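The sequence and the structure follow.

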Amino acid sequence: MKYLRKIIEIDEERCNGCGQCVLSCAEGAIQIKDSKAKLVSEAYCDGLGACLGECPQGALRIVEREADDFDPEAVEHYLEEKKGIEKAAKKIMPCGCPSSNIQVLRTPCSQADKNMTGDRGVSALSHWPVQIRLVPANAPFLKDAHLLVAAGCTPVAYPDFHRDFASSKVILLGCPKFDDVQEYIRKFEEIFKTADIRQVTVLDMEVPCCSALPKIVRKGMQMAGKEVPMEEMVIGIRGNILQRKRTAA
């Protein structure tokens with residue numbers, strides 16, 4: 001049955017799919033689909049507008065119209081269902097997906113290693129996998145690590161990614177625009193709870209959708225009850241560093 005009540009309205013023409021509204025919606029009522037924010041279900045939106053201030057494009061507003069009543073029990077069931085799907089996927093991937101097999105690599109550092117690579121430079125990658133979704137929170141390479149959480153476009157935009165950023169760090173790559181933001185938050189919560197992370201560097205692009213990445217990391221850190229020093233660096237599409245921000249523990 002429909003009721004006259006307050007509910008979120010999304011202007012898809014203004015929305016750029018950055019996903020920041022997804023972060024602020026505790027009920028999971030908003031998701032990114034086809035690069036736009038969408039209301040998953042009217043019953044999941046409480047109409048309080050916690051997401052309004054997070055939209056840099058002003059694409060969200062509260063309207064009063066006929067809509068399904070807010071159903072907190074349905075929200076709880078929906079969130080539990082999402083968690084169950086993610087847990088099932090984690091159980092399947094380690095043996096079903098070769099790309100998720102954990103490997104600790106020996107990074108080439110000797111002169112002999114460098115001679116083998118010639119003028120191509122040296123990879124600083126010390127582990128596998130690197131995708132946020134594929135790295136388990138108990139991976140051995142996360143222990144006492146300095147995390148480099150990098151938006152997927154940054155290694156392409158910044159020519160000296162390995163030399164300037166990746167050395168002695170554990171790399172985690174992801175894209176908040178195309179992946180599940182809530183899944184990312186829960187993954188970082190698990191990582192901060194499980195591994196004694198020493199420091200975090202977040203590398204994102206100047207495009208709006210990337211601005212959610214440091215917020216995702218901070219949210220996961222907060223949910224884990226941890227305070228870890230963090231630095232954010234914003235890379236321009238021409239490959240230059242536009243901004244650096246440090247957050248003390």
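How many salt bridges does the structure hold? The structure holds 15 salt bridges, a salt bridge being a side-chain nitrogen of Lys or Arg within 4 Å of a carboxyl oxygen of Asp or Glu.

## Basis of the values

The model is predicted: local features need pLDDT of at least 70 and side-chain atom pairs count only at pLDDT 80 or more, while totals for chains, interfaces and linings use all residues. Residues are numbered from 1 along each chain as its sequence is written, and side-chain values use heavy atoms, with hydrogens and water left out.

Helices (H or I, at least four residues) and strands (E, at least two) are DSSP runs numbered from the N terminus. Buried denotes under 20% relative accessible area, exposed over 50%, and partly exposed the range in between, with a 1.4 Å probe and protein chains only.

Side chains of opposite charge can pair when their charged atoms come close. In the pair of E9 and R61, the closest N and O atoms are 2.7 Å apart. E9 is partly exposed, at 30% relative accessibility.

K38 and E12 form a salt bridge at 2.9 Å, N to O. Because K38 lies in strand 3 (residues 36–39) and E12 in the loop between strand 1 and helix 1 (20–24), the pair ties together parts that are 26 residues apart in sequence. Both side chains belong to partly exposed residues, with a relative accessible area of 24% for K38 and 36% for E12.

A salt bridge also joins E231 to R246, with 3.5 Å between the closest N and O atoms. E231 is in strand 10 (residues 230–235) and R246 in strand 11 (residues 241–247), so the contact ties together parts that are 15 residues apart in sequence. E231 is buried at 6% relative accessible area, whereas R246 is exposed at 63%. Elsewhere, a network of salt bridges links K2, E42, R65 and D68.

Strand 7 (residues 146–151) is mostly covered, with six of its six residues buried. In a regular strand the side chains alternate between the two faces of the sheet. Here H146, L148 and A150 point one way, while L147, V149 and A151 point the other way.

Strand 7 pairs with strand 9 (residues 199–205) in the parallel sense over five bridges; two strands pair if DSSP finds at least two bridges between them. Within this pairing, A150 stands opposite L203. Strand 7 also runs parallel to strand 8 (residues 170–174), joined by five bridges, and the bridge partner of A151 there is G174.

The loop between strand 6 (127–128) and strand 7 contains R133, which is partly exposed at 41% relative accessible area. R133 and G174 are 41 residues apart in sequence, yet their C-alpha atoms are 7.8 Å apart in space.

## Aromatic pairs

A pair of aromatic rings is described by the distance of the centres and the angle of the planes. Rings of Phe, Tyr and Trp (its six-membered ring) pair if their centres lie within 6.5 Å; planes under 30 degrees apart count as stacked, over 60 as edge-to-face and the rest as tilted. By this rule there are four aromatic pairs. One of them joins F161 and F165, whose ring centres are 6.3 Å apart with planes at 70°, so the pair is edge-to-face.

F161 and F165 lie four residues apart in helix 5 (residues 161–166), about one turn of the helix. F161 is buried at 5% relative accessible area, and F165 is buried at 4%. The rings of F188 and F192 have centres 6.5 Å apart and planes at 35°, so the pair is tilted. F188 and F192 are both buried and lie four residues apart in helix 6 (residues 181–194), about one helical turn. Ring pairs also link Y158, F161 and F165 into a cluster.
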